[in-house]
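New notebook page, new structure. I'll jot down what I look up as I go.

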Amino acid sequence: MKKKIALILSIIMIVCLFTGCGSKGTTLKSVEKAGKLVIATSPDFPPFESLNADGSVEGIEIDVLQIICDKLGVELQIEQMDFDSVLPGIQAGKFDMGVSGISVTEKRQKNVLFTEPYCLAAQAIVVTEGSPITCKADLDGKSVSVQTGTTAESFCMDNGYTVSSFSANSDAEAALTTGKVDAWVIDDLTAADMVKAYNAQGGDKLVILDEAMTSEPYAFALAFGSEDLVKEINGILESLTADGTIKAIFEKYDAPYTAPEA
């Protein structure tokens, strides 16, 4: 009997390790006590996050979070990982916040808390120049590449497209440029940044279609139990939106800004 009980307790401990059983989230008090806000991000999503040659991370969301941390009086600590590990890490209590161009969806809201959105984004359709695909309707029966764990992936799967998923957007781009898929679906601002960089290399070109796949709000994700911290951050985001700070950050990265209420 003791062995059975020990086995059951071991199983419970393992489950809790991966699901965050009993996690109380991250409170404002705990962040202030720790003196830092630990964020999880996948730095392959310019202009929101990108990795510099020295290993540092920069981008729109990093700038916004740095201001938030300054106002909270704490240090910003960045942990890098694949995108599909960000939200599970938040749920498990490994990090305070998920910051990776995360779209607010009904499904995700069942698993994590979100701050108020700070912008609206769209999922763009990217094809090679001269492709017969000129609009969303032309994707019927075609194959698409996406980043694993994104709303682009779930939307394309839910709508019956043949989907090839990759942990990094650069690999999803390569799937298109090497002819393995017919189109690539990705956030519009990131698409603009990556397509510009690819086309600057010369040779075959990539084209972003005028018609978007979807439109969705972006926000920051936290574990349940972080309500007071979310409330504090929402107040800061509201002021940064009202005084034009967030818009100015987008302009710094040559990215068009669409306010969440638009």
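Predicted model: local features only at pLDDT ≥ 70, side-chain atom pairs only at ≥ 80, totals over all residues.

**Helix 10.** I started with helix 10, residues 245-252. Which of its residues are buried? I found I246, I249 and F250 on that list. Looking down the axis of helix 10, I see its buried residues fall within an arc of 100°, so they line one face of the helix. Next I checked what covers them: the cover includes helix 3 (60-72), strand 8 (119-128), helix 8 (188-199) and helix 9 (227-242). After helix 10 comes D254, and I noted its positive phi, near 55°.

**Second largest pocket.** D254 turned up again here, in the lining of the second largest pocket, along with P47, L189, A192, D193, K196, Y253, A255 and P256. I have its volume down as about 190 Å³.

**Largest pocket.** The largest pocket comes out at about 340 Å³. It has 15 lining residues, and L87, T105, K107, R108 and G149 are the closest to its centre. Which elements give two or more residues to this lining? I wrote down helix 4 (86-91), helix 5 (106-109) and helix 6 (151-158).

**S30.** Last, I looked up S30, which sits in helix 2 (residues 28-34). Is S30 buried, exposed or partly exposed? Its relative accessible area is 34%, so I filed S30 as partly exposed. I also compared S30 with L229: they are 199 residues apart in sequence, yet 9.4 Å apart in space, C-alpha to C-alpha.

Notes. Residues numbered from 1 in each chain as written. Heavy atoms only, no water. Helix = DSSP H or I, 4+ residues; strand = E, 2+ residues; numbered from the N terminus. Buried < 20%, exposed > 50% of the residue type's maximum accessible area, 1.4 Å probe, protein only. Arc of directions from axis to C-beta. Contact = heavy atoms within 4.5 Å. 1 Å grid on protein atoms, 1.4 Å probe; cavity = no way out; pocket = protein on both sides within 12 Å on 5 of 7 lines; lining within 4 Å. Points joined across faces, edges and corners; volume = space filled by probe spheres on them.
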